[in-house]
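Dear colleague,

Please find the structure below, followed by a summary of what was found in it.

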Amino acid sequence: MTAQRVGYALLIVLALVAPLFAYPVFLMKALCFALFACAFNLLLGYAGLMSFGHAMFFGMAGYFYGHVVKAWDMAPEAGLLAGVAGAALLGLVTGALAIRRQGIYFAMITLAFAQMVYFFCIQAPFTGGEDGLQGIPRKALLGGLIPTKNDFVLYYVVLAIFLFGYGAIYRSIHSPFGQVLKAIRDNEQRAKSLGYEADRYKLLAFVLSAALAGLAGATKAMVQQFATLTDVAAGTSGEVVLMALVGGLGTIIGPVVGAFIIVTMQNYLASAGEFVLVIQGAIFVVIVLAFRKGVVGELADWWRRRRA
């Protein structure tokens, strides 16, 4: 436990000094996707529910944030709350129908909902269609106390939001609620025989995961000042699955590592043009073959064997 606390302290110190050595906007994008991946990992890694449509919560929250801040001229805090609330409501509707099925059928239902949301975003007037929602203003937070037009200042705001979401996930999985989720993941019938309402716990996990994905999406819209169809597309749902797998499913820090790896690859391999997907695919194959439990999962196993 002491080693874990020291590790977290070092990571926080690294996060505090990171904008002095790296481009703040890149770091903020990576933190948004890290929170998105952690939210997905809560659902798959701890509840055992595979979603192929998590981008709908991430992307729609960005649209909600942009519309509230730009069209309604409200404070960014209201936009963030609207993004989280809208994603949670969408998660409640989707989850209430999807959890009636299991396995691949559950995943297909989430994919179907995601596709409906995608085509809704193409047609809906408030999303800007294929052009997206552009020019979302960066407004000061807390009534003007925190000027977000400065990238360095905004980075620490995004870091605080990430730590809040990460802390909520950490607290959830280490609570009695989290222990029940793990029991349902490992053996749902046995959990039911002990008196737990499995569907109720799975729905709560789905809504919580959707809300946190929405927080990530709204924060990304605040940083990049636009929301586009890419954020609600199936490709984004696939990316978050890769982030969780590369980092390590069922590990609390794994999705963060996976998100930084993939966002870094996308950023620095962009100059490769058409071959970027080929290069990414080759790297993913190597990672999957070399790190069956993800980067963090394999490192954790190595550390346990070393101490044994």
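**Pockets, cavity and a helix pair**

By class, the lining of the second largest pocket comprises 19 nonpolar residues, one polar residue and no charged residues. Please note that the model is predicted. This second largest pocket holds about 530 Å³ of space. Its lining has 20 residues, and Leu 11, Ile 12, Ala 15, Phe 162 and Val 256 are those nearest its centre. The elements giving two or more residues to that lining are α1, α2, α6 and α11 (254–268).

The largest pocket has a volume of about 900 Å³. Of its 22 lining residues, Gln 4, Ile 253, Val 296, Ala 300 and Trp 303 are the closest to the centre. Helices α1 (2–17) and α13 (294–307) each supply at least two residues of the lining, and the largest share, ten residues, comes from α13. The lining of the largest pocket divides into 13 nonpolar, five polar and four charged residues.

A search of the whole structure also finds one cavity of 30 Å³ or more. Among the residues lining the largest cavity are Leu 31, Val 158, Phe 162 and Leu 215. At least two lining residues come from each of α2 (24–47), α6 (151–173) and α9 (198–224). The cavity lining has eight nonpolar residues, one polar residue and no charged residues.

Finally, helices α4 (residues 76–98) and α5 (residues 104–123) pack at an angle of about 145°, with their axes 9 Å apart. Their crossing is right-handed. Leu 90, Thr 94, Leu 97 and Ala 98 of α4 meet Phe 106, Ile 109, Thr 110, Phe 113 and Val 117 of α5. This contact has seven nonpolar, two polar and no charged residues.

Yours sincerely

Definitions and conventions: Residues numbered from 1 in each chain as written. Predicted model: local features only at pLDDT ≥ 70, side-chain atom pairs only at ≥ 80, totals over all residues. Heavy atoms only, no water. Axes fitted to C-alpha atoms, helices over the stretch in contact; angles between N-to-C directions. Helix = DSSP H or I, 4+ residues; strand = E, 2+ residues; numbered from the N terminus. Left-handed = near helix turned anticlockwise from the far one by under 90°. Contact = heavy atoms within 4.5 Å. Nonpolar A, V, L, I, M, F, W, Y, C, P; charged D, E, K, R; others polar. 1 Å grid on protein atoms, 1.4 Å probe; cavity = no way out; pocket = protein on both sides within 12 Å on 5 of 7 lines; lining within 4 Å. Points joined across faces, edges and corners; volume = space filled by probe spheres on them.
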